[in-house]
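Here are my notes after going through this one, in the order I'd look at things on screen.

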Amino acid sequence: MFVIDEQPIGIFRIDGEYFALDNRCPHAGASLAHGIVHGDTVACRIHHWHFCIRDGTYLDESEPKFNVRCFPVRIVGQLVQVQI
Ligand code: FES
């Protein structure tokens, strides 16, 4: 987990590709970076809500208000850069 301009960011790597999500679970604010990753989903460790790592979609129901923000990522040399 990293903080950029006061925004906590969870960085995930799937098959060599990097993704950046708002690290705060929309349910109660737990760290998604400390969640349980299966494929391209992450489950929050506290109450097990599931999110798509690729785009931040909340997967347990169709409730867009619980989606987490996803940020563009690019790799420059050995740096992972996140645009917020
Ligand atoms: S804090 Fe993440 S599911 Fe409750």
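1. Let me start with Ala20. Leaving out residues up to four places away in sequence, Ala20 touches Ile9, Ile11, Cys70, Phe71, Val73 and Val82. Keep in mind throughout that this is a predicted model. Across the strand pairing, Ala20 stands opposite Phe71, which sits in β7.

2. Now the sheet around that spot. β3 and β7 run antiparallel and are joined by two bridges. They belong to an open sheet of four strands, ordered β1-β2-β3-β7, and the pairing is antiparallel. At the edges are β1 (2-4) and β7 (70-71), each pairing on one side only.

3. Ala20 also turns up in the core. The largest nonpolar core is made of 12 residues: Ile9, Phe19, Ala20, Leu21, Cys25, Leu32, Val42, Cys44, Trp49, Phe51, Ile53 and Val68. Which strand gives the most to this core? That would be β3, residues 17-22, with three residues.

4. There is another open sheet to look at, with three strands in the order β4-β5-β6 and antiparallel pairing. Its edge strands are β4 (36-38) and β6 (50-52), and each of these pairs on one side only. On average, and ignoring direction, neighbouring strands here are turned by 25° against each other.

5. Zooming in on one pair of that sheet: β4 and β5 (residues 41-43) pair in the antiparallel sense, over three bridges.

6. Is Val37 buried, exposed or partly exposed? Val37 lies in strand β4. It has 14 other C-beta atoms within 10 Å, so it counts as partly exposed; a residue needs 20 or more to be buried and 12 or fewer to be exposed. Not counting residues up to four places away in sequence, Val37 touches Phe12 and Val42. Val42, for its part, is on the list of residues in the largest nonpolar core.

7. Next, the hairpin. β8 (residues 73-76) and β9 (residues 79-82) run antiparallel and are joined by four bridges. Two residues lie between the strands, and Gly77 takes a positive phi near 60° in this hairpin. Val73 stands opposite Val82 in β9, and both of these valines are among the residues that Ala20 touches, which brings us back to point 1.

8. Stepping back to the whole chain: what does the run of elements look like from the N terminus on? It reads β-β-β-β-β-β-β-β-β, with zero helices and nine strands in the protein. The radius of gyration is 12 Å, close to the 12 Å that the globule rule gives for 84 residues, so the protein is as compact as a globular protein of that length.

9. A few overall figures to finish. The C-alpha trace spans about 40 × 30 × 20 Å along its principal axes. Of the 84 residues, 19% count as buried. Taking contacts between residues at least 6 apart in sequence, 31% join residues at least 24 apart.

How values were computed. Residues numbered from 1 in each chain as written. Predicted model: local features only at pLDDT ≥ 70, side-chain atom pairs only at ≥ 80, totals over all residues. Core = buried A, V, L, I, M, F, W, Y, C linked by C-beta atoms within 7 Å. Contact = placed C-beta atoms within 7 Å. Pairing = 2+ DSSP bridges. Axes fitted to C-alpha atoms, helices over the stretch in contact; angles between N-to-C directions. Rg over C-alpha atoms; globule rule 2.2 N^0.38 Å.
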